[in-house]
Amino acid sequence: MSAYSTNEMMTVAAARRLGNQDVTFVGIGLPSKAANLARLTHAPDVTLIYESGPIGAKPSVLPLSIGDGELAETADTVVPTAEIFRYWLQGGRIDVGFLGAAQVDRYGNINTTVIGDYHQPKVRLPGAGGAPEIAGSAKKVFIILKQGPRTFVDKLAFITSVGHGEGGAHRQQLGLPGAGPVAIITDLCIMEPEADTKEFVVTSIHPGVSREQISAATGWPIRFAEQVAETAPPQDHELQALRALEARTAAAHGQAGGEE
């Protein structure tokens, strides 16, 4: 087995969640990397949809933004953005919403708006994009981000995209369709929501990571499922596909390295 980084473990673990028949609404960045790795390995028929209108995108390099021409040039078709949201997403045709986040809380709510006070923020983040609609209407949602006490916080300064709200049946009370977030994949572990409380608990720990590391990297008292698995390490073919994708991307975009 080849040596691998924690970022590679996270990307591979996230890619494995996608099925070959999934229609997937993909966010830029880590979600796009994981979704395209799935397409290049075990899920060649996965349908990747991006906010700008490409359906069935098959980029050879990772897009810089949703407006990257690589997405439109490799897609089966391109439709207006309004149709992506109205017909595909709000019409219940998206199996998986694949999202990144700046911050997440124990119920899978996402902040990509501000750190600190909204009117005088310490940091102004990129904003919502289509994530609130994806989080609200996709049949299920995967969230991928690096884990640390500044990203996994007890209380979000701003809820940009609703996960399970305040927990329990709150999402249903808000009238949101779909199951909401069903997995948070990090560089340390995989979390899934408890059936009743909808609080995210650790269900799988990546190789070489301790429970103490996970607790120290979480801004609330993180809990562990009764049965916690060990994530299967990346296989050689997964690492080869991921590294080749990153190398092509780095070459195409004039970067020295491909890893985020």
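In this predicted model, the largest nonpolar core holds 33 residues, and I94, I184, M191 and I214 touch the most other members. A nonpolar core here is a set of buried Ala, Val, Leu, Ile, Met, Phe, Trp, Tyr and Cys residues joined through side-chain atoms within 4.5 Å. Buried means under 20% relative accessible area, exposed over 50%, and partly exposed in between, with a 1.4 Å probe and protein chains only.

Helices (H or I, at least four residues) and strands (E, at least two) are DSSP runs numbered from the N terminus.

A second, separate core has 28 residues, including M9, A35, F142 and I185. In soluble globular proteins, nonpolar side chains tend to be buried together.

Let's look at I184 on its own. Leaving aside residues up to four places away in sequence, I184 touches V104, G108, I143, L145, F152, C189, I190, M191 and F200, where contact means heavy atoms within 4.5 Å.

Next comes a loop residue. K198 sits between β12 and β13, and its phi is near 65°, a positive value in a residue other than glycine. K198 counts as partly exposed because its relative accessibility is 22%.

Of its 20 lining residues, G27, I28, G127, A128 and A131 are the closest to its centre. Both α2 (30-40) and α5 give two or more residues to the lining. By class, the lining has 12 nonpolar, 7 polar and 1 charged residues; Ala, Val, Leu, Ile, Met, Phe, Trp, Tyr, Cys and Pro count as nonpolar, Asp, Glu, Lys and Arg as charged, and the others, Gly among them, as polar. A pocket is an open set of points on a 1 Å grid over the protein atoms alone, where a 1.4 Å probe fits, with protein on both sides within 12 Å along at least five of seven lines; lining residues have an atom within 4 Å of a point.

Finally, the whole chain has 8 helices and 14 strands. Buried residues make up 50% of its 260 residues.

Residues are numbered from 1 along each chain as its sequence is written. Local features need pLDDT of at least 70 and side-chain atom pairs count only at pLDDT 80 or more, while totals for chains, interfaces and linings use all residues, and side-chain values use heavy atoms, leaving out hydrogens and water.
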